[in-house]
Amino acid sequence: MAKIHVLVPNQEMADYALQIIAEEKIDACRVEVIRTSYAVQAAREAIRDGANVIVARGLQAEFIQEYTKVPLVNISMTGQEVGLLVEEAKLLVKKQEPAIAFIGHYTMFPDSSYMDEIFHARLRFYKYEDYTHIESIVQKAVADGADTVIGGESVLMCMKQYPEVKTLFLRTREDSLRKALHVARKMVYTSQIEKETNAQLLTVLETVYNGVFKVDMDKTVTATNHAAAWILNRTEASFIGKKISEVVPELEESYVDRVLRGEREMINTTLVIGRNSFMSSIAPIAYDGKIAGAIISVHKLPTGSGKNQDLFGDNLLLGYLSMGDFCKIETKSDRMKRCIELARMYALSSGPVMIYGETGTEKELFAQGIHNNGYQKNSRYVTVNCSGMSEQQQIAVLFGEGLGEETQKGALEQAAFGTLLIRDIDELCLRCQYRLLRVMRYKVFMKTDIEEVPSVEVRIIATAHAELAEKVRAGQFREDLYYLLNAFAIYLPPLRERKEDIPGMVQNYFKQYNKKYAKRVSLTQGGLEALCSARWDGNALQLERFCERLVLTAHKRNMDEVCIQELLQELYPKIETHDGIKSVVVYESPEKAKIEQALARSGGNRQKTAAALGISTATLWRKMKKHGIS
């Protein structure tokens with residue numbers, strides 16, 4: 001099977017090629033003499049016979065390149081070959097310095113600088129890219145006074161209408177053929193290495209249990225394996241050419257972007273596909289200091305103990321199911337995105353997780369996401385709130401002590417082989433803290449203060465409003481339990497520190513409650529700005545309830561900043577105490593207070609106030625209207 005196929009227009013060039021092949025001992029190389037009209041057909045037959053590279057020249061090469069996809073090496077003339085043709089032309093026309101026209105494809109000729117001086121002739125090189133221009137180029141060469149025209153088969157055909165002008169066939173000799181064959185042999189070698197590399201990659205892909213996707217810089221899947229097809233219950237062919245976001249929509253696309261931009265060397269994360277949790281690793285394909293794509297590997301996380309297999313239906317019926325996931329958290333905040341990334345990584349561990357956040361932040365949604373992306377996904381998810389309970393109540397709820405009936409179990413036993421979320425763990429009594437430490441650290445369960453039995457496997461996730469270190473310093477929280485919990489800590493930023501998320505959240509809430517109450521309430525730009533400028537000490541919880549109230553009680557279609565301020569003043573007054581007397585202070589945004597102070601200093605002069613604030617009077621008027629300042 002010929003890997004290199006040489007197509008030439010005459011037997012002389014074929015003989016040169018065969019001589020070089022014998023001298024250089026070039027294996028699997030075939031030579032064929034063809035006419036230009038047969039070039040494409042000859043190339044296609046060579047490809048069918050296994051040719052990796054075709055060597056051709058001029059118009060034949062152009063046709064082959066246009067109508068086939070095989071790698072092609074053009075035969076380009078050397079300066080020495082041009083010189084030999086010049087000497088032959090001089091003998092033909094019997095002139096010392098004849099006008100000689102070389103006509104050929106633009107790939108055929110070498111640099112022609114100083115050739116007139118070197119060969120003592122008036123040389124003109126006429127190059128074409130489109131074969132339809134050959135006839136007009138021949139006409140120009142004759143009109144320019146060429147004594148001799150040197151060209152290929154098509155050029156000499158056109159020259160028959162100018163019998164007064166001498167012609168020569170544009171021959172390429174040994175040098176140009178040798179150079180082209182050297183290039184072709186290197187291309188075959190490179191192709192062979194590439195095939196071997198691809199074969200090795202394919203072998204690796206098909207012998208690993210992980211699902212693997214190879215993506216290019218456009219995040220398009222270029223290769224995959226059987227394991228990936230099995231995980232997604234689709235055929236491998238259906239992945240190729242698709243964006244990774246279409247193939248695995250559960251994968252956070254921004255993680256792939258960060259790897260492709262070189263911002264991260266590797267990202268490990270979790271994702272949920274159907275009822276199963278998977279770990280995904282994203283790593284760049286890099287060489288010569290450049291990134292050319294990424295490898296995304298996906299493997300199924302084990303479900304832990306065999307006792308938690310097939311518990312999904314039972315947990316659903318018993319109310320122990322967690323439905324939250326990270327995909328439900330839409331954010332533009334970099335801090336919040338980092339929290340989600342950490343939570344996804346923590347889900348890979350069975351260790352305890354500590355989530356800090358103010359009232360109304362997404363603490364429980366994060367806890368559910370960690371559970372649903374980890375080993376315990378199909379197991380029980382139990383929640384306990386320590387706030388407002390006495391010590392004895394906490395012990396009863398967590399450990400079952402004092403519940404009376406033997407069949408009643410504490411939360412730790414109810415969450416066996418699953419996850420227990422302990423809300424407001426900073427309110428947990430020291431006695432319960434000690435017992436919980438024994439469960440987490442030493443895997444022993446204390447039904448009473450003196451009775452220890454081997455503990456069942458359970459993952460602890462805890463939440464708190466404030467940093468536990470303060471409780472440790474005050475002697476209200478065990479130091480050893482603090483260090484056990486705080487290794488995997490997540491600090492959720494309050495809504496006032498990620499105001500870029502408020503417009504999207506408001507849009508979702510309005511869409512949800514407009515549908516629920518069959519309304520079509522919307523916000524003006526001023527209304528949206530008023531919502532964004534409020535503090536929202538109750539975070540997402542407060543914002544959602546406010547939006548529901550706004551939609552439900554709206555008395556007009558478009559709600560502006562005045563409506564927003566009125567409802568804020570009604571719902572969230574602030575209580576201040578002066579000299580022991582409590583008074584209600586109307587809820588005000590910091591911007592409103594700043595404008596009122598500036599107006600007071602300027603004696604109500606709007607121009608002076610605007611200048612002091614660094615804004616125009618028109619902007620000042622708009623902000624005064626927004627905050628209801630008269």
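Predicted model: local features only at pLDDT ≥ 70, side-chain atom pairs only at ≥ 80, totals over all residues.
Local features need pLDDT of at least 70 and side-chain atom pairs count only at pLDDT 80 or more, while totals for chains, interfaces and linings use all residues. Residues are numbered from 1 along each chain as its sequence is written, and side-chain values use heavy atoms, with hydrogens and water left out.

**Sheet and helices**

Four strands make up an open sheet with parallel pairing, in the order β2-β1-β3-β4. Strands (E, at least two residues) and helices (H or I, at least four) are DSSP runs numbered from the N terminus, and two strands pair if DSSP finds at least two bridges between them. At the edges stand β2 (29-33) and β4 (72-74), each of which pairs on one side only. On average, neighbouring strands of this sheet are turned by 20° against each other, direction ignored. Axes are lines fitted to C-alpha atoms, for helices over the stretch in contact, and angles run from 0 to 180 degrees between N-to-C directions.

Three bridges join β3 (residues 53-56) to β4 in the parallel sense. V55 stands opposite V73 in β4. Helix α1 (residues 11-24) packs on the sheet, where it touches β1 (4-8) and β2, and its direction makes about 170° with that of β2. Helix α3 (residues 58-67) also packs on the sheet; it touches β1, β3 and β4, and makes about 160° with the direction of β4. Contact here means heavy atoms within 4.5 Å.

**Pockets**

On a 1 Å grid over the protein atoms alone, a pocket is an open set of points where a 1.4 Å probe fits, with protein on both sides within 12 Å along at least five of seven lines; lining residues have an atom within 4 Å of a point. Grid points are joined across faces, edges and corners, and a volume is the space filled by probe spheres set on the points.

| Pocket | Volume | Largest share of lining |
|---|---|---|
| Largest | about 520 Å³ | α20, seven residues |

The largest pocket is lined by 22 residues, and K328, E330, M505, N508 and Y509 lie nearest its centre. Two or more lining residues come from each of α20 (502-516) and α22 (539-552). This lining divides into seven nonpolar, six polar and nine charged residues. Ala, Val, Leu, Ile, Met, Phe, Trp, Tyr, Cys and Pro count as nonpolar, Asp, Glu, Lys and Arg as charged, and the others, Gly among them, as polar.

The lining of the second largest pocket divides into nine nonpolar, three polar and ten charged residues. Of its 22 lining residues, E252, S254, Y255, I340 and R344 are the closest to the centre. The elements giving two or more residues to this lining are α11 (253-260), β11 (267-273) and α13 (334-346).
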